[in-house]
Amino acid sequence: MPFITLYVPQGCDNGALEQSMREITAAGANLLENTLERMIRVTVLEAAPDRVYQGGKTAQGLVPTVLFRVGPGRSAGAKDAFMEQIAAILSQNLGCPRENVRAYVLDNEEGHHFCIGGKHKDFSKKVK
């Protein structure tokens, strides 16, 4: 069962958050194999704006973070497409830049993944 947790600063428009939750649920049912809409759980956790940091300083804008937990049975391509869709949904509904959306994908098959703006980041490459 896929679990999606959205961490956002307090003060977001409740209507926009509800719309995001509905769209994320529908996208999960459309993109993830072996997943029905009723199986997807989306949770929103809000943090006080003065407790949201970026680079050691209080963040100046909305920086949503997504934690996506999923069990076996979904392809890497489907998970990547879902992360891209989540970034687009949050950017559109909450008015934040797409590149500010951070996502962590936790699954049992392939380990952990990190996405920025919906794009998978590979940290296995060595820096010259």
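**View A. Glycine 73 is partly exposed, at a relative accessible area of 33%.** Here buried means under 20% relative accessible area, exposed means over 50%, and partly exposed is in between, with a 1.4 Å probe and protein chains only. The model is predicted: local features need pLDDT of at least 70 and side-chain atom pairs count only at pLDDT 80 or more, while totals for chains, interfaces and linings use all residues. Residues are numbered from 1 along each chain as its sequence is written, and side-chain values use heavy atoms, with hydrogens and water left out. Glycine 73 belongs to the loop between E5 and H2. Such labels refer to DSSP runs numbered from the N terminus, where helices are H or I with at least four residues and strands are E with at least two.

**View B. Asparagine 34 has a positive phi, near 55°, and is not a glycine.** Most residues other than glycine have a negative phi. The residue sits in the loop between H1 and strand E2 (41-47). Is asparagine 34 buried or exposed? With a relative accessible area of 59%, asparagine 34 is exposed.

**View C. Glutamate 33 is part of the loop between H1 and E2.** A relative accessibility of 31% makes glutamate 33 partly exposed. Neighbours within four places in sequence are left aside in the next list, and contact means heavy atoms within 4.5 Å. On that basis, glutamate 33 touches Gly73, Arg74, Ser75 and Ala78. The C-alpha atom of glutamate 33 is 9.3 Å from that of lysine 79, which is 46 residues away along the chain.

**View D. Helix H1 (residues 14-31) and helix H2 (residues 76-94) have axes that come within 10 Å and cross at roughly 160°.** H1 is therefore roughly antiparallel to H2. The axes are lines fitted to C-alpha atoms, for helices over the stretch in contact, and angles run from 0 to 180 degrees between N-to-C directions. Angles under 35 degrees count as roughly parallel, over 145 as roughly antiparallel, 65 to 115 as roughly perpendicular, and the rest as oblique. The crossing of H1 and H2 is right-handed. A crossing is right-handed if the near helix is turned clockwise from the far one by less than a right angle, and left-handed if anticlockwise.

**View E. Side by side, residues of H1 and H2 meet.** On the H1 side the contact includes Ala16, Leu17, Gln19, Ser20 and Glu23. On the H2 side it includes Ala78, Ala81, Phe82, Gln85 and Ile86. The residues of this contact of H1 with H2 divide into 12 nonpolar, five polar and one charged. Ala, Val, Leu, Ile, Met, Phe, Trp, Tyr, Cys and Pro count as nonpolar, Asp, Glu, Lys and Arg as charged, and the others, Gly among them, as polar.

**View F. Leucine 17 is a buried residue of the model, at 6% relative accessible area.** Leucine 17 is found in helix H1. Apart from neighbours within four places in sequence, leucine 17 is in contact with Val8, Cys12, Val44, Glu46 and Leu94. Leucine 90 is 73 residues away along the chain, and the C-alpha atoms of leucine 17 and leucine 90 are separated by 8.5 Å.

**View G. The largest nonpolar core has 27 residues.** Such a core is a set of buried Ala, Val, Leu, Ile, Met, Phe, Trp, Tyr and Cys residues joined through side-chain atoms within 4.5 Å. Which residues have the most contacts inside the largest nonpolar core? They are Ile4, Ile24 and Phe82. Strand E1 (3-9), H1, strand E5 (65-70), H2 and strand E6 (102-107) each give at least two residues to this core. H2 supplies the largest share of this core, eight residues. With neighbours within four places in sequence left aside, isoleucine 24 contacts Ile4, Leu6, Val42, Phe82, Ile86, Ile89 and Leu90.

**View H. Valine 101 is buried, with a relative accessible area of 2%.** Its place is in the loop between H2 and E6. Leaving aside neighbours within four places in sequence, valine 101 is in contact with residues including Pro64, Val66, Ala87 and Leu90. Valine 101 and lysine 119 are 9.9 Å apart, C-alpha to C-alpha, and 18 residues apart in sequence.
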